[in-house]
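Here is a short tour for anyone meeting this structure for the first time. Have a look at it, then read on.

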Amino acid sequence: MSTEKQNILVAGANGTTGRIIIDLLKNSATYQPIAMVRKEEQKKHFKKENVKTVLADLEDDLSEAVKNTDKVIFAAGSKGKNLIGVDQEGAKRLIDAAKDAGLGKFVMLSAMGADDPSLNKELKAYLEAKKNADDYLRASGLDFSIVRPGHLTNDEGTGKIQLKEKFENPGRITRADVAKTLIEALEDDVKQNQVFEILGGEVPIEKAVRLL
């Protein structure tokens, strides 16, 4: 059995959740992170942390970015500034590059409500972009997990969540617990080719993502 670590490309590595993902991957016995950043100056933080980086823009060609990569976590977002270019088409571009490169799995950070954006007028455009990206991934032929958390908080992670295909009511979850869930979803036995929602809860993440 190979003990070599898998290379995980993290799109959106310089974001708040992205940095947590990188830190968790850095301390993993199974994975090592590759931080995908858009600007040269963003490399400095990760170089200090001895994390590999790749300079790439979600609005450009991404074929080089996925080289020497095993799986992808997409945690990028434009914070409403470029929903079509980044959140939607950028995700699609990375999905295409991952597929062309034969990557093993694509884990998508989506959002609760992306299944029906019409129900949330305030976030409709954002949720539509996420839905379109999710649908594209589902049809891509890649192995995937699509993770849809509730409202993100910056509280300390608990390592525990509740997970359902669909919750009746919205709720909250820490970024740290979302990051840990995304990493758990990299495993081949976890929610393969499924879409699920997560909120703060009482079930350890390692167990929650493996329950039927």
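## A salt bridge across the chain

Glu197 and Lys166 make a salt bridge, with 3.6 Å between their closest N and O atoms. (A salt bridge here is a side-chain nitrogen of Lys or Arg within 4 Å of a carboxyl oxygen of Asp or Glu.) This pair ties together distant parts of the chain: Glu197 sits in strand β10 (residues 194–200), while Lys166 is in the loop between β8 (160–164) and β9 (172–174), 31 residues apart. Through shared partners, salt bridges join Asp115, Lys166 and Glu197 into one network.

Glu197 counts as buried because its relative accessibility is 1%, whereas Lys166, at 44%, is partly exposed. (Buried means under 20% relative accessible area, exposed over 50%, and partly exposed in between, using a 1.4 Å probe and protein chains only.)

## What you're looking at

This is a predicted model, so local features need pLDDT of at least 70 and side-chain atom pairs count only at pLDDT 80 or more, while totals for chains, interfaces and linings use all residues. Residues are numbered from 1 along each chain as its sequence is written, and side-chain values use heavy atoms, leaving out hydrogens and water. Helices (H or I, at least four residues) and strands (E, at least two) are DSSP runs, numbered from the N terminus.

The whole structure has twelve salt bridges. One of them brings together the side chains of Lys26 and Glu49, at 2.6 Å from N to O. Lys26 belongs to helix α1 (residues 16–26), and Glu49 to the loop between α2 (43–48) and β3 (52–55), 23 residues apart. Lys26 is partly exposed at 29% relative accessibility, and Glu49 is partly exposed at 31%.

Lys67 also pairs up with Glu64, their closest N and O atoms being 3.0 Å apart. Lys67 is partly exposed, at 47%, but Glu64 is exposed, at 52%.

Helix α3 (residues 83–100) bends by about 40 degrees at Glu89. (The bend is the angle between axes fitted to the seven residues ending there and the seven starting there.) Its buried residues include Leu83, Val86 and Ile95, and what covers the buried residues includes β1 (6–11), β4 (71–74), β5 (105–109) and α4 (124–138).

In α4, the buried residues are Leu127, Ala129, Lys130, Ala133, Asp134 and Leu137. Down the axis of α4 they fall within an arc of 155 degrees, so they line one face of the helix. (The arc is that of the directions from the helix axis to the C-beta atoms.)

Terms used:
The expected span of a helix is 1.5 Å times one less than its number of residues. Contact means heavy atoms within 4.5 Å.
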